[in-house]
Amino acid sequence: MKKGKIFLLALASLPLFTSCIDDAEQNTYLTEDRRTELAKENPDKVFSSAVAGIYSDMQSYVKTDNSHNYFGQKSFDYLTSLMGNDMVMTGRFGMSLYHYLCDYWAQNFVATANRWAEYYRCIDNANQILKTIDPETTDEAVLKYRAIALGMRGYAYLQLSYLYQQSYYVGCDDTKWGKGQHYDFSESKCVPIVTEKTEGDQPLSTVKQVMDQIKGDLGTAYDIFNKIGMQKTTDPTDFDGCVAATYLARAYMITHDWDQALKYAQVIVDNFPVLKGEDQILQGFSDINLPDVVYGCDITADNTTLYMSWFSQMDSYSDGYAGIGVWRAAYGPFVDKIADDDLRLKWFCCDRSTGIDYKGGRLTLKRDVMAPAACEYQAVKFIGAGRDAVIANAKSIAQGNGAPGWELGDYIYLRSEEAYLMKAEILAHKGDLAGAKTALEEFMKTRQPSYTYAKGNTKADLIEEINFQKRVEFWGEGMEFLDNRRLNITVDRTSTDPHNNHLPAARLKLDQESRNFRYQIPISEIENNKALTPDDQN
Amino acid sequence: MVKKIALTLCTALVASSMAMAQNRTVKGKITDANGNPIIGATVKVEGSKTVGAVTAGDGQFSISVPANSKLNVTYIGYKPQTVQVNNRTNLVIVIEEDNEQLGEVTVVAYGTKRKQDVVGSVTNVNKNIIANAQSSSVSSALEGAVAGVQVLSGSGQPGSDAAIYVRGIGSMSASNAALIVVDGVPFNGKLSDINPQDIQSISVSKDAVSNSLYGSRAAGGVVMVTTKSGSKEKVAINFRGTWGVSNRAYKDYDMATDQSEFYRLTWYGIRNTEWAAGKSLAEAAETASSSLLGELGNYNAYIVPEGEYLVNTDGTFNKNAKLRYNDSFADALFKSAFRQEYTISASGGNDRTNFYLSAGYLDNQSYVIGSSYERYTMRANVSSQLKSWLKVGTNIAYSHTKSNGVQERSGTASNPFETARGWAPIYPVHAYDAQGNMKRDENGKPIYDAGTGQTDGTKSRPTAQNQNIICSMNEDINENIYNNISTRSFIEVKLPLNFKFVTNYAYDFTNVTSNSFMTPTIGDGASFNGRGSRSSGTDMTSNFNQILSYENVFDEDHNFSAKLGHEYYTYKTTYLYGQKTNFFDPYNSELYNGGQIQELTSNSVTHNIEGYFAMADYNYAHKYYLSAAFRRDGTSRFLDRWGNFWSVGAGWRISSEKFMESTKSWLNDLKLRASYGTQGNEAILPGYSYGYTPYVDMYDVTWDGSKLGYTVAFYGNKNLSWESQKTFDLGLDFRFLDRIYGNIDFFTRRTDDMLFKRPLATSSGRPYNWENIGAMRNNGIEFELNADIIKNKDMKWTVTLLGSHYSNKVLTLPEENREDGIVSGAFKLMEGKSRYEYFTYKYAGMDEKGNPTWYTDEKDEQGNVIGQTTTGKYSEATKYWLGKQALPDFNGGLNTSFSYKGFDVNIATAFQLGGWAYDSQYLSGMSASLYVGHNRDMWDTWNPETGKGKYPIWNANNSSNSYTQTSDAHLISASYFSIRNITLGYTLPSSLMKRWGIGSIRVFATGDNLALFSKRQGFDPRVSMSGGNSSYGGYSPMRTITGGINITF
């Protein structure tokens, strides 16, 4: 019996000495180990997915919660449009108001932190890909991803350069706006350059260094794309040679390197037509299959970000912000300058474009549906559901509902029209006024068949007209901001024109070198980057 | 290693033996003062730990003792008594109730201990505080109930647990919350799963010697909850029912809720904005009068004669204005709610088997519409002595809750508390015509104002069009169904040589199913023809341990016990979520009824911990104590798995010393205790799934409808390991004049290799990195002082004062951060300073035009700081040390209980002194936006007419230089005093009960959250450790006032 009990004691003690700790299972995220294993089995899948992840960020990245005006690159297009002359905020709405008041640049604000994080995340993702690809490789399947990663990185630095320092040159000789006071910012501190080769925190590089990085990255990407037959792919959602070329043309225009700029703009002109006719021009810019789309993103039910999206902010027929109160309008005197027979006038609901009575104090938008325009010069350029859906649901929309499918509108990042207008401007800068005029007229006839250039004969006059047509063409798409930065165009909302519909509080006048257009480096970067001190703040 | 220890232990124990004296059998009965038998009391021979008996169902016991020995009788809640046997063989012992000294026995890690033998710092919570708890979770009742404990509640939603923090901040970025142990096993459910009526006791263990046996997870202290068990008594059936009302406990900030005042205030804001923009005062006033309604979306709650302004150009309200509607959201959102709770329990047992069964129901509607909580609880605790050497038992609890929550973490339009405060009171809930009649649809139902022109004269509400929270809350579904099954089972085997083997298996399972539906009729779901989602999350925890224990008494006075154990813990959580839009039937929220799939996802993670532990306790004659424990833990959270934790403790009962004889007349007890030990922390905050394997890089998988992609979600750190904590505790327990008793403890708690979520430069592509960095220390003192001011047969009055003070200091930081520190929100981590030391901008008053200014460094041309100046540009301001910190200087509670015959009164309060909190919630009411709710303090903004004001000018066009920017101006004293609970009761006389054949009846009334005194109306400093409320949803606690009855048969 006693032996039995001792046996029992021994038995009972047994589990005390058995060890069995297991690894934790992690079935939520893709882990590094699995990624590496999968990369060995199927490198194309892993690289293509890494790239798709960057695309996904470009569509939807947001750093802060509960802020419906950040959604990747298109929110840059929207918010910078608010920082110019041509877009009007129709009420004192909390969201985006301070962008519109050009008063959202300081180091502690969400705006600057959000953009910084978005583009450096893109750079980091690109660097991660570049680290795993041998730069000497000749394997075309892998080279493709090297090109995309370089291209994306170049794009991200280009975007940073727009916000965190003045343009390389503020303004240009022989333009109406002339040179800025300081003008040459090439040696000013810009942003840190982080690449696959750098280690640890980096100090600020100069604008020139950043522009060199941009040109290097995008140029290499473009060359690879050309070499592997990817100058233009069939899928507009691909970052391909034409995408790289567009960004390169922008970069070379910034540094006044007109020949190089022309070379790359010409790539787009050679590869893409421009939109033509009502069906295309008034479609609503929500279909990446439109012929002018150089680069875009297919928005589906799987990746839509609903209220936190471009069409929520921009589409007057949506149930997003623009449809239910935060109406988008264009600057009255700007729209007034658009020719009556210019098809693009129909993007804006003004009495001239719709021809209705204004007696009851109520404008009626007659463009496609019988729905009251909520405000004068209301913009109806961007339609997530597309024009056909708006016409089909006219009655329901008139009752105040959104067009079904507004949240599924595709994102268009780059359109070929930009290159056509860049080409005209570059030719003008180069002194080829006749060539510039021809390029402009050819383009404009697709919008306004009666168009002939009839303004002054100086270079300055011509560039001003090209710029105006570009602002009309790209209203709301962020282009005005980029050109204002580059060409030293003052933001002046103080006009006494009775059609000046800017909010009284926003009637300000700011030249391009004013503090308001230059985002401060986010305070978190200053505080945590060991290579920076508060004195590095721009 | 472990084997060796066990072997040595056994040899040592077997070697010693015990001399047995000649014995005789003594029988007896133990009763209370009323002659009722006491069941379950322990009778022991003094000086012996092994020889003992437990009284049976009739209070009888039988024990074999040496002649002329002394018997010690102990029973929870009664005073211990010593009886001289004196050759008697039949005794009747009457023991005296001791309400004050509940903790005769206290729960410690893996067992129980006599309170007087504990060398660590363990506090038993007053049982009245638990019994009177009205809150669905007993956690909030601990506020002010235990010295050294802070209770923080981020939400008043019934069913939500408050977080419990013990002795300051042990960790920088990992969890600081106390470990909740229920019936001996770490508990992953919510404390609100447990019906407070099922709780026998709660004790809070604060120092290393008490906690190191829980090793890895006890660094934040341990709250040990023990549920009731059967007591071998005659079968007792207890019914408790309460009925009452719940209301919002504390007023919101002082908002301009009166409509006419709101218009006048907004007029003031517009006028000053216009003046600041350059207009003359007269022009600005004219503009304010003419544009007032336009700025407010033409919402006019009054009817004004044609051509007149609502607010005159002198800022007065138009006398001819007739009220058109008064229908604000703030009024519609809150109402009194009915509360009812019932618990019925049965307990009893026989010589072999004990049982406790209970069932409870709580219906706790909240004061905010759309928020409710219903809970069913059941518990069965059965144990049986199957053989003389074998005991088994199981304790199974089930709780089922159904709650409707409000969106506390969402924007102004969806969070009712934000709507109530942040929406102008002139936006009506319903639509009105020009004459002020409520508009109705064809069925006669009132039409809601959705902010898109329903109310005549309006076109667009300047905030949240197409939203109406009242309508949404009536039509939307935001329901959680929660089930928790919690089991604790054990097998206890008595082995030879005073060994005992216990194995415990605990399995907890929780499932929460959420059903959310946004109606197609209005709000966010409208343009999608309805949006519905379902989610199901399960948590499964199992805890399996095996403990070999030994207990013996040598030579009467040498008490020795030891334990050797192994424990394995696994946790698995799974989650499934689906969302659809386009619902066929607007009143059917099932996904089956929906069309388009919007989201479908699932995930799961696991977490494992394995531990080995050993402990030994020795005391000589309850005078000298020694205690030691060791635990080795491995966690799946780190690649570097294993950590070793240990503790030693000693105690000295000074009052038992010979030289203290002379004090015997007044000093009942005096014990000095000291302990030192280490614990670990691996609890990277849950809620982030990556926190379970923070050593690997992880990627989010993306899908755009055709392409799979991935982006970095988290960068792992392979070197991450245990955060370790060393705690030293020195305590003194005392009791004198048999009336005044308590304890005082000094502690120092040092954390090394802190788990820290270190912010990185965003340009690195990584937002932060989890690292083990630096060290931090908390030094503190805490005390509990009880006084039985009146103590006689009919009347008792006890007052308890408890409190603690601690200071926190960051000791070391990594080399590269040593000079500049690490900025963390409004704080900066710096060696030598508190973790919650404010480092931010300093407000410097107003300039001559009423604009705010801030301090900034003045620099010479080389960039050297040569002084301080002020700037009106916020972006140029400099951050400074403010010399203020968030942590309170002192916090505690003052509690009292009074009884006279059958009447009793209990009052529980809590308070905090010192500390500064950042009051973000208040600032939303100080916004310069025109169309939002305003705090009445906005009247005190700088007035251009007088050139005076307490706050800077109201300028709606000023954002980057607005007064509401982060600065020291918004710090507020975090001191408060709260009356947490008052309970009045009356127990009917026992003579009457005997006549009625009922055990006892008590009727009572109780109120929770009766008052809060803080620096500013609406400000509650109890929502976060730093006192700041930026992430607080505004769900203020409930004031619950109920009446009830407790009947025992």
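Student: What does Met152(A) touch, not counting residues up to four places away in sequence?
Tutor: Met152(A) touches Ile54(A), Tyr55(A), Met58(A), Cys122(A), Phe239(A) and Tyr295(A). Contact means heavy atoms within 4.5 Å. This is a predicted model: local features need pLDDT of at least 70, side-chain atom pairs need 80 or more, and totals for chains, interfaces and linings use all residues. Residues are numbered from 1 along each chain as its sequence is written, chains are lettered from A and ligands numbered from 1 in the order written, and side-chain values use heavy atoms, without hydrogens and water.
Student: Which residues touch the most other members of the largest nonpolar core?
Tutor: Met152(A), Tyr157(A), Phe239(A), Tyr247(A) and Tyr295(A), in a core of 178 residues. Such a core is a set of buried Ala, Val, Leu, Ile, Met, Phe, Trp, Tyr and Cys residues joined through side-chain atoms within 4.5 Å. Helix α7 (residues 140–164) of chain A gives the largest share, 16 residues.
Student: New topic. Is Ser721(B) buried or exposed?
Tutor: Buried, with a relative accessible area of 14%. Buried means under 20%, exposed over 50%, partly exposed in between (1.4 Å probe, protein chains only).
Student: Where is Ser721(B) found?
Tutor: In the loop between β33 (708–714) and β34 (723–736) of chain B. Helices (H or I, at least four residues) and strands (E, at least two) are DSSP runs, numbered from the N terminus.
Student: And what is Ser721(B) in contact with, leaving aside neighbours within four places in sequence?
Tutor: Phe638(B), Asp640(B), Leu755(B) and Asn772(B).
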